[in-house]
Amino acid sequence: MKKILILSISFLFLFSACNVPTYPKESMDQSLKELIKKESGIDSTVTIIGNTIYLDIETEGFLSSDDKDLQDAQHNFSVAVSNILRVVLSSDSNIKYMVVNAFTPQKNILYRYIQNIDDYKSYYYERISRDDYFSRNILELKAGKDIVKKIIDDKHEITNDEFAGRLIVADIERLGYRNPFLGEIIRLVSPEYGGISGNILTLKTKAQKIDSETKQILETAINNSGKEFAGKYKANIKQINLAGYNNKTYIKVRLS
């Protein structure tokens with residue numbers, strides 16, 4: 001994924017410094033669809049709601065056992081990410097968040113990328129490091145027709161608190177990749193973003209019960225990720241709860 005993002009960034013040294021918008025906000029959605037069609041040959045859907053732009057693309061290959069099919073799917077995803085950044089940064093819009101949804105024709109697998117445009121600008125102008133920049137990007141892989149359809153249909157304006165909350169979840173998942181032993185424990189719980197009410201972020205889990213050792217490990221991970229990203233974005237998140245879909249709360253972590 002880092003290679004995809006580096007490819008995306010390489011397009012922008014040319015386009016982001018222009019004073020006159022290459023892609024006026026009035027026709028930005030159509031321009032983006034035409035650009036993706038030209039460079040990848042695939043159709044796309046663009047939806048703009050407030051400060052958030054959504055790009056939906058259907059691409060085959062994610063479930064193929066053929067390496068070339070998978071490479072083609074990854075290429076289409078790369079084109080989508082680079083083009084949406086290119087268009088947004090070369091427009092006069094007020095877009096702050098971008099979401100790319102890439103899914104199979106059956107809509108049973110979804111590969112999702114979410115980014116704060118200001119984070120790219122901070123990286124471009126060397127206000128944040130490369131590692132910090134990549135830690136601020138959200139990648140989600142979802143499976144199941146009902147789940148994928150619900151995510152694709154949910155188009156709304158992303159808030160600063162929501163973005164920070166989703167980053168907290170993503171960072172907990174990354175901890176599992178960095179440490180395979182912790183990864184096994186985290187995957188048993190598989191925390192997901194559940195929403196924000198007031199200053200409380202709720203993470204949801206399908207787990208029916210959590211033992212004391214797992215609870216202690218998760219409390220530490222939630223506390224560390226919560227403080228880091230709530231702090232970076234000055235989010236109004238003071239407490240993080242981990243709850244089941246049965247509404248039973250397993251963990252409460254105060255960040256202050």
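A charged patch is here a group of residues with over 30% relative accessible area and no salt bridge, in which like charges are joined within 9 Å. In this predicted model, such a patch of negative charge is found on the surface, where Glu58, Glu60, Asp66, Asp67 and Asp69 gather. One of these residues, Asp67, has its place in helix α3, which spans residues 67-89, and with a relative accessible area of 57% Asp67 is exposed.

Turning to the aromatic residues, a pair of rings is described by the distance of the centres and the angle of the planes. The count of aromatic pairs comes to eight. Among them is the edge-to-face pair of Phe62 and Tyr111, with 5.9 Å from centre to centre and 70° between the planes. Because Phe62 lies in the loop between β2 (52-58) and α3, whereas Tyr111 lies in strand β4 (residues 109-116), this pair ties together parts that are 49 residues apart in sequence. Phe62 is buried, at a relative accessible area of 17%, while Tyr111, at 22%, is partly exposed.

An edge-to-face arrangement is also formed by Phe163 and Tyr233, whose ring centres are 5.4 Å apart and whose planes stand at 75°. Here Phe163 belongs to helix α7 (residues 160-178) and Tyr233 to the loop between α9 (212-232) and β8 (239-244), so that parts 70 residues apart in sequence are tied together by the pair. Phe163 counts as buried, with 1% relative accessibility, and Tyr233 is likewise buried, with a relative accessible area of 9%.

As for aromatic clusters, Phe62 and Tyr111 form one together with Phe77.

Note on methods. Residues numbered from 1 in each chain as written. Predicted model: local features only at pLDDT ≥ 70, side-chain atom pairs only at ≥ 80, totals over all residues. Heavy atoms only, no water. Patch = residues over 30% accessible without salt bridge, like charges linked within 9 Å, V, L, I, M, F, W, Y side chains within 5 Å. Areas by Shrake-Rupley, 256 points an atom, 1.4 Å probe, with all protein chains shown as cover. Salt bridge = Lys/Arg side-chain N within 4 Å of Asp/Glu carboxyl O. Lys, Arg positive; Asp, Glu negative; His and termini not counted. Charge placed at Lys NZ, Arg CZ, Asp CG, Glu CD. Helix = DSSP H or I, 4+ residues; strand = E, 2+ residues; numbered from the N terminus. Buried < 20%, exposed > 50% of the residue type's maximum accessible area, 1.4 Å probe, protein only. Phe/Tyr/Trp six-rings, centres within 6.5 Å; stacked < 30°, edge-to-face > 60°.
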